[in-house]
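Please open the structure in your viewer and keep the selection tool at hand. The stops below say what to select next and what is there.

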Amino acid sequence: MNESSITGDSISKLRDAKSVVILTGAGISAESGIPTFRGEDGLWKKYRAEELATPWAFERDPALVWEWYDWRRGIIHTKKPNPAHYVVTNMENRYPKFTLVTQNVDGLHKASGTKNILEVHGCIWNIRCIKCNTETENYDVPIGKIPPVCECGGLLRPGVVWFGESLPSEVLTKTMKALEVCDLLFVIGTSAYVQPAASFPIMAKQNGAFVVEINKEKTPLSEYVDLQLTGPAGVILPELERKIWKA
Ligand code: BV8
Ligand code: ZN
């Protein structure tokens, strides 16, 4: 961690914040062994996520899309939260007001004990019927018959937000509210490429929040943030926690 960039003034800002939001992306789960989207391991059978994670791909070939999600569920269900996830949970217990906004559908934040979670892109362990709209939790790995079918005969789809689909309105409203009032925002492990999530840090900054980016490399956001910490989240976050709270 480029210690030099953490001044005493930054530390007090990080310690004395009253209303905190943390925005996470695939990078926070990388050290748990889950492939990121843009990393070298982001491709599945030559397909990019943007090609398969769409209602049009599902309409065209629901079995292919389900094969991809079944593959990802197969990977994720063997993985555990890493130290970065647990520091996020500790921060929830330390800050008076706390909201976690995650783009991740892997469920690892919940598994690490974090409570106030907004899954803006849904969760891979939810399945929803495209006919009767019933949404249920399903942890079957493998999921069995592909594509899976609902009792009503309708096709079941993963409970995630696909490209070209709007984010769940209730989750988006709560996210906007949290970004309006936060005085500190951590942005952890996201390439800040997918909208509207990539604009959340700009909104918080415009509302006066102190913005900290933690990423193993620079991103399009880096020039906007107040503190940029370069390195693996699973290493930086425990160090930062020790620095802030002499934990
Ligand atoms: C919408 C769920 C209204 C599914 C996901 C043209 C221009 C601008 C925008 C658009 C456009 N055309 C269309 C759009 C809108 C589109 C969009 O943004 N497209 C992009 C590709 C340009 N957005 C949408 O469609 C959204 N809906 O806008 O609705 C609307 C409706 C109709 C028409 C227009 C608008 C919905 C987007 C949600 C899609 N669903 N996921 C699934 O998972 O299967 S997005 C998915 O990809 C993730 O959830 C996440 O959001 C994104 C991946 O980004 P990251 O998580 O950041 O991961 P990535 O691999 O990219 O980066 C990892 C980072 O971690 C890197 O920076 C790396 O350096 C770092 N890292 C790695 N290891 C570590 C680390 N950091 C720290 N420690 C480590 N160890
Ligand atoms: Zn149904």
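## Stop 1: the largest cavity

Begin by selecting α7, the element that gives the most to the lining of the largest cavity, with three residues; helices (H or I, at least four residues) and strands (E, at least two) are DSSP runs, numbered from the N terminus. This is a predicted model, in which local features need pLDDT of at least 70 and side-chain atom pairs count only at pLDDT 80 or more, while totals for chains, interfaces and linings use all residues. Residues are numbered from 1 along each chain as its sequence is written, chains are lettered from A and ligands numbered from 1 in the order in which they are written, and side-chain values use heavy atoms, with hydrogens and water left out.

On a 1 Å grid over the protein atoms alone, a cavity is a set of points where a 1.4 Å probe fits but cannot get out, a pocket is an open set with protein on both sides within 12 Å along at least five of seven lines, and lining residues have an atom within 4 Å of a point. The largest cavity holds about 40 Å³ of space, where a volume is the space filled by probe spheres set on the points, and grid points are joined across faces, edges and corners. Its lining has two nonpolar, four polar and three charged residues; Ala, Val, Leu, Ile, Met, Phe, Trp, Tyr, Cys and Pro count as nonpolar, Asp, Glu, Lys and Arg as charged, and the others, Gly among them, as polar.

## Stop 2: the second largest pocket

Next, turn to the second largest pocket, in which about 370 Å³ of space lies. Select Gly-107, Lys-110, Glu-119, Cys-123 and Tyr-139, which are the closest to its centre of the 21 residues that line it. Two or more residues of this lining come from each of α7 (108–111), β3 (117–119) and β4 (122–129). By class, the lining of the second largest pocket divides into 10 nonpolar, four polar and seven charged residues.

## Stop 3: the two domains

Colour domain 1 (3–34 + 81–121 + 167–245) and domain 2 (40–78 + 128–160) separately, with bounds that come from an automatic or database domain assignment. The lining of the second largest pocket draws at least three residues from each of these domains. The centres of domain 1 and domain 2, taken over C-alpha atoms, are separated by 28 Å, and the contact (heavy atoms within 4.5 Å) takes seven residues from each of domain 1 and domain 2.

Which residue forms a salt bridge with Lys-110? Select Glu-137, whose closest O atom and the N atom of Lys-110 are 3.7 Å apart; a salt bridge is a side-chain nitrogen of Lys or Arg within 4 Å of a carboxyl oxygen of Asp or Glu.

## Stop 4: the loops

Finally, select Pro-142, in the loop between β5 (135–137) and β6 (156–160), where a cis peptide bond joins Val-141 and Pro-142 with omega about -5°. Pro-147 is also placed in the loop between β5 and β6, and the peptide bond from Ile-146 to Pro-147 is cis, with omega near -5°.
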